[in-house]
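Hi everyone, thanks for coming. Have a look at the sequence and the structure on the screen, and I'll talk you through a few features.

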Amino acid sequence: MFYTEAGQFSGHYRADRRLFRLRQDRYALYALLLFAFAVVPAIGSDYWLNAILIPFLVLSLAGLGLNLLTGYAGQLSLGSAAFMAVGAFATYNLALRVPGLPLLVGIALGGVFAAAASVLFGLPSLRIKGFYLLVSTLAAQFFVQWLFTKVSWFSNDSASGVITAPPLRIAGHDLSNPAGRYLLTLGFVVALTLLARNVVKSELGRNWMAVRDMDTAAAVIGIPLARTKLLAFALSGFILGVAGALWAFTYLGTVEPHGFDLSRSFQVLFIIIIGGLGSIAGNFLGAAFIVLLPIGLSLLSGLLPPGVIDAGQLENLQKIVFGLLIIGFLIKEPEGLARLWQQLRERARVWPLRY
Amino acid sequence: MTEISSPLLRLEGISLSFKGVKAISDISFDVARGRITALIGPNGAGKSSLLNVINGVYRPQAGRIVFDGEVRRRMDPHRAAVRGIARTFQNIALFKGMSVLDNVLTGRNLKRRSSWLEQALRIGRAPAEDDAQRRRAEEVIAFLHLQPWRHTLVSKLPYGLQKRVELARALAAEPKLLLLDEPMAGMNAEEKREMSRFVADVNREFGTTVVLIEHDIGVVMNLSDHVVVLDYGRKIGDGPPDEVRRNPEVIAAYLGTRH
């Protein structure tokens, strides 16, 4: 009724290719962007911006990076955090060693370095698939973390290995306050998400899915497998690198290898599995699930009368409940939150009728 | 080089074995331009292997392939696609997670000139090219009567339609040579008739040379101009349908007995 396609025809192929073909989707997107850019920084408390929204956005972006590679191109990877680390350290070192380099350029170049690293560790994908490739990307994870810990040049020879990110300034504006850091993160996330959505709907996106679904048939129809796979590693690496730089610069404010360990890679992988492989919106839903659910659980446990469960047990209990929820959810909906969202939209299209 | 009289495809002494097990031994035949050639024979005769040799999925140990005037010891799949060989598979090899339209569009990937960045940013040559590719894809979709399903995921389509989408994807590449591996397997009589008509239409409308594998001998005799019979990796018959049907060796190996 409110979400109907009736009367919305595409007069040209160009109109049919729009990113959001339905009027309602477009308006909802505009409203969401307006809310995120104008309303949230004004009303959001520092706690919400710092501790919830910024990590949510950065993890969504990291999910997006991995989803292009795994969800669309079908190449398994456990090296997400490694490429995030490359992005973060590259941006840090560029800011340190190239005086006068604008921050935005530094973050983008961090993405380029991560893309190069990703392509390098993606080379085995030309010969191996599936779990074997997973092991090769795992090597990236351990190697990169070792490299940044061992070679102190990367952290400017600081004793602790933990370095403070340089101040965030764009064209003279100080972005170090929570709202500024939030807006910077949001800007990157929105731009890269739109780019990714364009890519997956373009020839390259079709080639990725073709390689994912049936690589022999893809080769037979003339799709260049090596180029297609390596481009997936490159774009995925670029987005992960930018996400890593943002994680260090706008969320933590420090750059350290331990922030990008294997558990971070798993976290990003969980985001796309829970959110939905091969879906753009799924990354945001998955990240929201991963970031918000633990917070919700700890809020809920705060409601329990004191003394029922002792504080030490409580944290473990939260982890158990969190794990159970993930298992239960994946049994119910293996294709992820994006699928549920899609079903909801299908329902809304015909509402109030059933079919 | 491309005169009409020369065969589009010539196989000369092709032999293929897997770890010593002979799949194809010393097979030679010609595929005439603009004709429909059928490969028949009992299961395990080496028919699918032969298609895989023609478009480079398998590499034969001996023999050579002359395609469109170009002599090769072996093909590779990409090279074969560039040279104008498209195919369908015995077990449907569609891209399951994609719509009918997207599957057909993948068939046109070699016709692209714009870079992926132009396409991602929708600048330069990309928009006009996207329109042109879509138009060609729609022509193929219309030709095979697939319009009602263009936005449907192929995994949601019934088997017969999936077979047709696979033909559409191959056809979208505008191939010179179309290899069809059992395009009518598992279909009922109605669907077979429909598919036969599509194959014949493709051949007539676009002049596409077709090599197909088929078990239904009625279909083969009606559809094809030329029949090649394989048995245990050897060629035992080669000629017009009527001649092959009377060949005693063919009757003994395939037509007369049950398998």
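A charge is placed at NZ of Lys, CZ of Arg, CG of Asp or CD of Glu. On that basis chain A carries 26 positive and 16 negative side chains, with the centres of the two sets 9 Å apart.

Some housekeeping: this is a predicted model, where local features need pLDDT of at least 70 and side-chain atom pairs pLDDT 80 or more, while totals for chains, interfaces and linings use all residues. Residues are numbered from 1 along each chain, chains are lettered from A in the order written, and side-chain values use heavy atoms, without hydrogens and water.

Okay, more on chain A. Of its 355 residues, 49% are buried, meaning under 20% relative accessible area with a 1.4 Å probe, counting protein chains only. Its C-alpha atoms fill a box of roughly 65 × 60 × 45 Å along the principal axes.

Now over to chain B and strand β7, residues 177–181; strands are DSSP runs of E, at least two residues, numbered from the N terminus. How many of its 5 residues are buried? It's 5 of 5. B:Leu177, B:Leu179 and B:Asp181 sit on one side, B:Leu178 and B:Leu180 on the other.

And the neighbours? Strands pair if DSSP finds at least two bridges between them. β6(B), residues 85–88, runs parallel to β7(B) over 4 bridges, with B:Ala86 opposite B:Leu178. β8(B), residues 209–213, is also parallel to β7(B), through 5 bridges, and there B:Leu180 partners B:Leu212.

Notes: Buried means under 20% relative accessible area, exposed over 50%, partly exposed in between (1.4 Å probe, protein chains only). Lys and Arg count as positive and Asp and Glu as negative; His and the chain ends are not counted.
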